[in-house]
Amino acid sequence: MTYEAFVALVERLWAEIPEAFKRELQGVHVLPQAKPEPGLKGVWRLGEYLDPGPPSTFLGFEGLGRHIALYYGSFQKVAGPGFDWEEEVWETLLHELRHHLESLAGRDDLVREDLRRLAEFRRGGRPGGEGR
């Protein structure tokens, strides 16, 4: 899949999500590069939720806002025969959107779940479920 086709797929799927779930979200960024998972060779981060949190004492986050980033290069790295681009993009978008909604609600359940899966993976196991 080309980068342009990937962007079009993300835009189409993003348009299917009701606006109520996107409140206070500045947008989705589709980045061309791959994003390796720090400390895990050969593991790629497909997407991430970027929440600057409360403003720092230096006001470093003023106006930055909340975003979702998807890494086209990471999808390319994990795509093999039979890879379902639409399903993987959809699952990744929904995963990152859940991070956003939990952040708005003051929750971090999915963050803890992701950290648990990463720790399991670092111990040599396979992460359970659909961690993005």
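**Entry 1. Terms and overall layout**

I take a helix to be a DSSP run of H or I with at least four residues, and I number helices from the N terminus. By that rule I place Val 89 in helix α3. I note at the outset that this is a predicted model.

I looked up the elements and found 4 helices and 3 strands in the protein chain. Read from the N terminus, their order is α-β-β-β-α-α-α. The chain has 132 residues, and 36% of them count as buried. I also checked how far contacts reach along the sequence. Among those between residues at least 6 apart, 62% join residues at least 24 apart.

**Entry 2. Helix α1**

I checked the length of α1, which covers residues 3-15. At 1.5 Å a residue, its 13 residues should span 18 Å, and the end C-alpha atoms are 18 Å apart, so the two values agree.

Which residues of α1 are buried? I listed Phe 6, Val 7, Leu 9, Val 10, Leu 13 and Trp 14. Looking down the helix axis, I found the buried residues of α1 within an arc of 160°, so they line one face of the helix. On the other side of α1, I found Glu 4, Glu 11 and Ala 15 exposed.

I then looked for what covers the buried residues of α1. The cover includes strands β1 (25-31) and β3 (66-71), together with helices α2 (72-78) and α3 (85-104).

**Entry 3. The nonpolar core**

I looked up the largest nonpolar core and found 20 residues in it. Phe 6, Trp 14, Ile 68, Phe 75, Trp 85 and Val 89 have the most contacts inside this core. I traced the contributors: α1, β1, β3, α2 and α3 each supply at least two residues. The element that gives the most is α1, with 6 residues.

I returned to Val 89 in α3. Is Val 89 buried or exposed? Its relative accessible area is 0%, which is under 20%, so I record Val 89 as buried. Leaving out residues up to four places away in sequence, I found Val 89 touching Phe 6, Leu 9, Val 10, Leu 13, Leu 70 and Phe 75. I also looked up the separation of Val 89 from Leu 46, 43 residues away along the chain, and got 8.5 Å between the C-alpha atoms.

Phe 75 is in contact with Phe 6, Leu 46, Phe 83, Trp 85, Glu 88, Val 89 and Thr 92.

**Entry 4. Aromatic pairs**

How many aromatic pairs does the structure hold? I found 7. I looked at Phe 83 with Trp 85: the ring centres are 5.1 Å apart and the planes stand at 85°, so this pair is edge-to-face. Trp 85 is buried, at a relative accessible area of 15%. I also noted one aromatic cluster formed by Tyr 3, Phe 6, Tyr 72, Phe 75, Phe 83 and Trp 85.

**Entry 5. Salt bridges**

Side chains of opposite charge can pair when their charged atoms come close. I searched the whole structure for such pairs and found 13 salt bridges. I looked up three of them in detail.

Glu 48 bridges to Lys 35, with 2.9 Å between the closest N and O atoms. The pair links distant parts of the chain, with Glu 48 in strand β2 (residues 47-50) and Lys 35 in the loop between β1 and β2, 13 residues apart. Glu 48 is buried at a relative accessible area of 11%, whereas Lys 35 is partly exposed at 27%.

Glu 102 bridges to Arg 98, and here the closest N and O atoms are 2.8 Å apart. Both residues lie in helix α3, 4 residues apart, about one turn of the helix. I found Glu 102 buried, with a relative accessible area of 10%, and Arg 98 partly exposed, with 36%.

Asp 109 bridges to Arg 112, at 3.3 Å between the closest N and O atoms. Both are in helix α4 (residues 109-122), 3 residues apart, about one turn of the helix. Asp 109 is partly exposed, with a relative accessible area of 24%.

Definitions and conventions
Residues are numbered from 1 along each chain as its sequence is written. This is a predicted model: local features need pLDDT of at least 70, side-chain atom pairs count only at pLDDT 80 or more; totals for chains, interfaces and linings use all residues. Side-chain values use heavy atoms; hydrogens and water are left out. The expected span of a helix is 1.5 Å times one less than its number of residues. Buried means under 20% relative accessible area, exposed over 50%, partly exposed in between (1.4 Å probe, protein chains only). The arc is that of the directions from the helix axis to the C-beta atoms. Contact means heavy atoms within 4.5 Å. A nonpolar core is a set of buried Ala, Val, Leu, Ile, Met, Phe, Trp, Tyr and Cys residues joined through side-chain atoms within 4.5 Å. A salt bridge is a side-chain nitrogen of Lys or Arg within 4 Å of a carboxyl oxygen of Asp or Glu. Rings of Phe, Tyr and Trp (its six-membered ring) pair if their centres lie within 6.5 Å; planes under 30 degrees apart count as stacked, over 60 as edge-to-face and the rest as tilted.
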